[in-house]
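Open the model in your viewer and keep the selection tool ready.

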Amino acid sequence: MIVIPNVGPGSPARIRRQWVKRILWGVLFGLMVLIYGSHAPLITLTKVDGQVPFNPSSCVLMIELFKLLISLATLVLTGGASALRAAPPLVSVAPYGVPAILYALNNNLVVLMQAYMDPSSYQVLSNLKIASTALLYSLCLGKRLRPSQWLALGVLMSAGVCHSYSSLDLGDPERAEAEVRLRITAWGLFLVLVYCCVSGLAAVYTERVLKSQKLPLSLQNLYLYVFGVAINGLSSFSSVAGEKSFLEGYSGVVWVIIAGQAANGLLMSVVLKHGSGITRLFVISCSMLVNALLSWAMLGLQLTPFFLLPVSMIGLAAFMYYR
């Protein structure tokens, strides 16, 4: 008699694999949220007399360089070095340059927008990138979202707006007097809309490229970050001439920031390759809460009771989207 092992949908082995997969995704999600949320508090810790002591463009270049070197090392250690013996076809590599260009454009838009609006308006309006990313995700990738999922993303965007509003702390008379002067021009509104669309397009396009080509993720990351190093290198060395020297002001905390952001970029590639770009939106939203908690613990910033509202809304949005 032939005995067929229990490999059905409810088999213990299958259930165990599903639980292991969920735990690994949970650890990945938590790690990304922690790194994202710690970025701003760590930047604050580096400041000397209220100023960042290092060149931000050189820091971005170092992050891209770290990601490139880690991708190369991973490719070699996993036995994929043979892919580097011959020059890859240009048609296969060229698509990876588009995300680098889009992210470079967005970095410049962030700086340009400050001339047409106050930082608080930017902080609130930038939450529109949740809507733009979801819309492009549906249109460009052909992913149909249920009405409840669209509602969940609306709740998520509202949570971001509520959190941004709560951070204004208008109950403080001195601070309120400075921050109540919110201003935004027509150009500012146009630029923030362009910023949100470019941000969504960069994420959706990257996901499409990573999933459309059957290549090892480490090789795809290598292609991505070659372009990232090249574009950010041009930007960095053109700005270093009139500012600080390349590694001036680097401290241990700065190197922690560089290592963390490099790791986060590589982890995000895993999410886009094997998961969904929508997960990225939940990571960013949850990181706002971690940012606030770390700022309270490390920098002594005060949290208002209003902080509980965006926390509840993000939890509700996650339940509605993934149920």
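The tour goes from confidence to a glycine and then to a helix pair.

This is a predicted model, where local features need pLDDT of at least 70, side-chain atom pairs count only at pLDDT 80 or more, and totals for chains, interfaces and linings use all residues. Residues are numbered from 1 along each chain as its sequence is written, and side-chain values use heavy atoms, with hydrogens and water left out.

**Colour by pLDDT.** This is the predictor's confidence in each residue, from 0 to 100. The chain mean is 82, and 88% of residues reach 70 or more. Helices are DSSP runs of H or I, at least four residues, numbered from the N terminus.

**Select residues 170–180.** Here pLDDT stays under 50. The model has eight contacts (heavy atoms within 4.5 Å) for this stretch beyond four places in sequence.

**Select G97.** It lies in helix α4 (residues 97–113). Leaving aside neighbours within four places in sequence, G97 contacts F227 and I231. Its C-alpha atom is 8.5 Å from that of V226, 129 residues apart along the chain.

**Select α6 and α12.** The axes of α6 (residues 129–141) and α12 (residues 277–299) come within 10 Å and cross at roughly 170°. Axes are lines fitted to C-alpha atoms over the stretch in contact, with angles from 0 to 180 degrees between N-to-C directions. So α6 is roughly antiparallel to α12 (over 145 degrees). Show I130, T133, A134 and Y137 of α6 against G277, I278, R280, L281 and S285 of α12.

Technical notes: Helix = DSSP H or I, 4+ residues; strand = E, 2+ residues; numbered from the N terminus. Parallel < 35°, antiparallel > 145°, perpendicular 65-115°, else oblique.
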